Amino acid sequence: MACLLRVARNPTFERSTVASKRQDPETIPSFHCKASSFRTKTMSQSSAPGEKLKRKRREKKAEEEEEEEEEEPIGGDIEDLFSDKETQKIRMSLLDWYDANQRDLPWRKRKNESEKERRAYEVWVSEIMLQQTRVQTVLEYYKRWMHKWPTIYDLAQASLEEVNEMWAGLGYYRRGRFLLEGAKMVVAGKDGFPNQVSSLMKVKGIGEYTAGAIASIAFNEAVPVVDGNVIRVLARLKAISANPKDRLTARNFWKLAAQLVDPSRPGDFNQSLMELGATLCTVSKPSCSSCPVSSQCRAYSLSLENRTISVTNYPTKVVKAKPRCDFCSVCVLEILNLERNQSGGRFVLVKRPEEGLLAGLWEFPSVILDKEAGLATRRNAINLYLKDAFQVEPKKTCTIVSRKELGEFVHIFTHIRRKVYVELLVVQLTGGTDNLFKNQANDTLTWKCVGSDALSTMGLTSAVRKVNSMVKAHKQGSSVAPDSSNRAAISRKRRI
Ligand code: SF4
């Protein structure tokens, strides 16, 4: 069958000459090999050199885009700074408003002079988390993180696996990894916690925005920060209609923010600007009538003069690139061990490579498909994968107890729209578990078998959690409601 099917571990891990070392899934909780090269020359066109190269470029680009760090502002001049009078007025108004209205957030708790480094660590963790999602979501993650690693020294002792587990569900997992690597760097250094933007930016994972936040909030350095909230407020204050993603315009926002930052209270001022953007000067419903800087706001003044102008025209909305689509077939492999009289089976989890997208995270066995494929093609791909990876082969090493499609859903990454097909394959091993996963030829895969209880409690990505929910719902005889964040279209299918 001519097909464009590309068999790969989800999403860039391609099938190859992997075999599995002997492992008793009951007694050995995890098995570690080199997981980074599960590749195959699979089917037809995908193995052509030109196609391969294109695909690699596409995947690399997607990874870079998906896990992109903060934009670095570059080049250009600005003609329209704030006047001294405007600057003074904005500083005063914003700081007064912030003092009276700031939200009570755990990372804002002030520390005494001797605890500046502790504050810097807290600001660092919170700022990285806040780049992922809303404050409300971050609060829980932040509390759990600080409970487990209250200081940078505690974090530096952690393993990547622990960090990944803690980060599970936040997305952009590379940022969690960089926090760990950055903490190790700082602790290993001789100079203590870097306390200026220039030295902070040498730490892994700290870009100009995070460095500015730490330096101004924890160490009182008069430097600006520019995030999405700040851009929105500045664009409205100055009625800037240029594309904020444009490098020249981006640099101008940094210049404006640098001009405004209050030299005596830089941390509070930066937070006040961000707080205004997060609470009053919001994307679609700004509360201009309650805004402390409305009298300095050019967009507001224009909107009062001309009813066809809205403050929400600023900043210019940038049309997002259409996400690319791909398809993924997930096989939840449940192994029954009747010899040991267990009620439920154990599930195989595979560890992703330590580099690239979702590095080092656990997932169910899966293959990536270049295009939408029918059931037979998907199963064929999964069968090949399971045979190569685990020597699970019907009629030879195992008996299929049941095999059911559980449905499908769409998972949205930043730049990828992934349709995920899910099936549950329950097998009993021929000759018992001793015959499982034997004679692994090379050490290229890390995997483990876990019970359903462990699955429910371990840190898993949101897509893997969704798959697990489908399995649980299936076992309980119910269906899973689609996840609103991803508009999952989960459909039950007939037993086959
Ligand atoms: S007046 Fe309105 S648009 Fe201008 S900064 Fe305040 S909330 Fe934003």
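**Exercise 1. Overall make-up**

How many helices and how many strands does the protein have?

Solution. This is a predicted model, in which local features need pLDDT of at least 70 and side-chain atom pairs count only at pLDDT 80 or more, while totals for chains, interfaces and linings use all residues. Residues are numbered from 1 along each chain as its sequence is written.

Step 1. Helices (H or I, at least four residues) and strands (E, at least two) are taken as DSSP runs, numbered from the N terminus. The protein has 16 helices and ten strands.

Step 2. A residue is buried if 20 or more other C-beta atoms lie within 10 Å of its own, exposed if 12 or fewer, and partly exposed in between, with C-beta atoms placed from the backbone. Of the 496 residues of the protein, 43% count as buried.

Step 3. Two residues are in contact if their C-beta atoms, placed from the backbone, lie within 7 Å. Among contacts with a separation of 6 or more, 73% join residues 24 or more positions apart.

**Exercise 2. The ligand shell**

Determine which residues surround the ligand and where they come from.

Solution. Step 1. A residue is near a molecule if its C-beta atom, placed from the backbone, lies within 6 Å of it. The ligand is surrounded by 15 residues, and the closest are C281, C288, C291, S294 and C297.

Step 1. At least two shell residues come from each of α10 (228-237) and α13 (298-305). The largest share, three residues, belongs to α10.

Step 2. For classes, Ala, Val, Leu, Ile, Met, Phe, Trp, Tyr, Cys and Pro count as nonpolar, Asp, Glu, Lys and Arg as charged, and the others, Gly among them, as polar. The shell holds twelve nonpolar, two polar and one charged residues.

**Exercise 3. Backbone exceptions**

Describe the backbone at P315, Y172 and Q391, and locate each residue.

Solution. Step 1. Most residues other than glycine have a negative phi, and most peptide bonds are trans.

Step 1. The peptide bond from Y314 to P315 is cis, with omega near -10°. P315 sits in the loop between α13 and β4 (324-336).

Step 2. Y172 is not a glycine, yet has a positive phi of about 45°. Its loop runs between α6 (160-167) and α7 (173-188). Y172 counts as buried because it has 21 C-beta neighbours inside 10 Å.

Step 3. Q391, also not a glycine, has a positive phi near 55°. Q391 is found in the loop between α14 (375-390) and β8 (398-412). Since Q391 has 20 C-beta neighbours inside 10 Å, Q391 counts as buried.

**Exercise 4. Helix packing**

Classify the packing of α3 with α4 and of α9 with α12.

Solution. Step 1. Axes are lines fitted to C-alpha atoms, for helices over the stretch in contact, and angles run from 0 to 180 degrees between N-to-C directions. Angles under 35 degrees count as roughly parallel, over 145 as roughly antiparallel, 65 to 115 as roughly perpendicular and the rest as oblique.

Step 1. Helices α3 (residues 116-130) and α4 (residues 135-148) pack at about 140°, their axes 10 Å apart. Therefore α3 is oblique to α4. From α3, V125, S126, M129 and L130 meet V135, V138, Y141, Y142 and W145 of α4. This contact has eight nonpolar, one polar and no charged residues.

Step 2. Helices α9 (residues 208-219) and α12 (residues 266-279) pack at about 130°, with axes 6 Å apart. These two helices are therefore oblique to each other. Residues A213, S216 and I217 of α9 make the contact with P266, G267, N270 and Q271 of α12. By class, three are nonpolar, four polar and none charged.
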